[in-house]
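Reader: I have a structure open and would like to go through it with you. Can we take it piece by piece?

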Amino acid sequence: MRRAVYPGSFDPVTFGHLDIIERSAKMVDELVVGVLHNSAKNSLFSLEERVNMIREMTKDIPNVRVESFDGLLVDYMSQIGANIIIRGLRAVTDFEYELQLAQINHVQNEEIETVFLITNLKYSYLSSTIVKEIASYGGDISKFVPAELIDRIYAKYN
């Protein structure tokens, strides 16, 4: 079975994330969206909220499972029997950082391969950070996140 992990903080999940999830789910038998618990980051949404939002948005994709994890990605992958990492690339600047991570992960576990998916052009500018910044000023985020999440995002700033 080809099991892959798409790791990230997803704070909040955007159309760009969902595009990568949909495309990569077609490439593997099971895609685990691994929502990272990073105590060093001050997240807008709790870990449980982020997991639940992604579950809600991916409920119609049968081979997608959403879980949280902390610690090293390679250790988590060993625990769940995955050996493929899915990463989205928006721009050349993403590539250098992601290449370094891919190489480190491969050194830690030679069975792990990283697959890079180029982000759909219509989402190449999009990040959770941008969504949060626009929302914090009351701006329109409807082109960046699913309608079901908009009120939840704005509520975090009220």
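Reader: What do strand 1, helix 1 and strand 2 make together?
Author: Strand 1, helix 1 and strand 2 form a right-handed β-α-β unit. A crossover is right-handed if, with the strands pointing away from the viewer, the path from the first strand over the helix to the second runs clockwise. Helices (H or I, at least four residues) and strands (E, at least two) are DSSP runs, numbered from the N terminus.

Reader: Before we go on, what sort of model is this?
Author: This is a predicted model, in which local features need pLDDT of at least 70, side-chain atom pairs count only at pLDDT 80 or more, and totals for chains, interfaces and linings use all residues. Residues are numbered from 1 along each chain as its sequence is written, and side-chain values use heavy atoms, with hydrogens and water left out.

Reader: OK. How many bridges pair strand 1 and strand 2?
Author: Strand 1 and strand 2 are paired by 6 bridges, in the parallel sense. Two strands pair if DSSP finds at least two bridges between them. Proline 7 has glycine 34 in strand 2 as its bridge partner.

Reader: And strand 2, parallel or antiparallel to strand 3?
Author: Parallel: strand 2 is joined to strand 3 (residues 64-69) by 6 bridges. Leucine 31 has valine 64 in strand 3 as its bridge partner, and leucine 36 has phenylalanine 69. Strand 2, helix 2 and strand 3 also make a right-handed β-α-β unit.

Reader: What about strand 4, what does it pair with?
Author: Strand 1 is joined to strand 4 by 2 bridges, and these two strands run parallel. Alanine 4 stands opposite isoleucine 84 there. Strand 4 is also joined to strand 5 (residues 113-118) by 6 bridges, again parallel, with glycine 88 opposite leucine 117. Strand 4, helix 4 and strand 5 make a right-handed β-α-β unit.

Reader: Why call strand 4 largely enclosed?
Author: Because 5 of its 6 residues are buried, strand 4 is largely enclosed by the rest of the structure. Isoleucine 86 lies in strand 4 and is buried, with a relative accessible area of 1%. The C-alpha atom of isoleucine 86 is 6.0 Å from that of threonine 114, although the two are 28 residues apart along the chain.

Reader: Switching to the loops. Where is phenylalanine 10?
Author: Phenylalanine 10 is in the loop between strand 1 and helix 1. Phenylalanine 10 has a positive phi of about 50°, although it is not a glycine. Most residues other than glycine have a negative phi, and most peptide bonds are trans.

Reader: Which peptide bond is cis, then?
Author: The bond joining aspartate 11 and proline 12 is cis, with omega about 5°. Proline 12 is in the loop between strand 1 and helix 1.

Reader: Back to phenylalanine 10: buried or exposed?
Author: Phenylalanine 10 is buried, at 2% relative accessible area.

Reader: How many aromatic pairs are there?
Author: The count is 5 aromatic pairs. In one of them, the rings of tyrosine 6 and phenylalanine 10 have centres 5.2 Å apart and planes at 75°, so the pair is edge-to-face. The rule is that rings of Phe, Tyr and Trp (its six-membered ring) pair if their centres lie within 6.5 Å; planes under 30 degrees apart count as stacked, over 60 as edge-to-face and the rest as tilted. Tyrosine 6 is buried as well as phenylalanine 10.

Reader: And asparagine 42, buried or exposed?
Author: Asparagine 42 counts as exposed, because its relative accessibility is 77%. Asparagine 42 sits in the loop between strand 2 (30-36) and helix 2 (47-58). Its C-alpha atom is 9.9 Å from that of aspartate 11, and the two are 31 residues apart along the chain.

Key
Buried means under 20% relative accessible area, exposed over 50%, partly exposed in between (1.4 Å probe, protein chains only).
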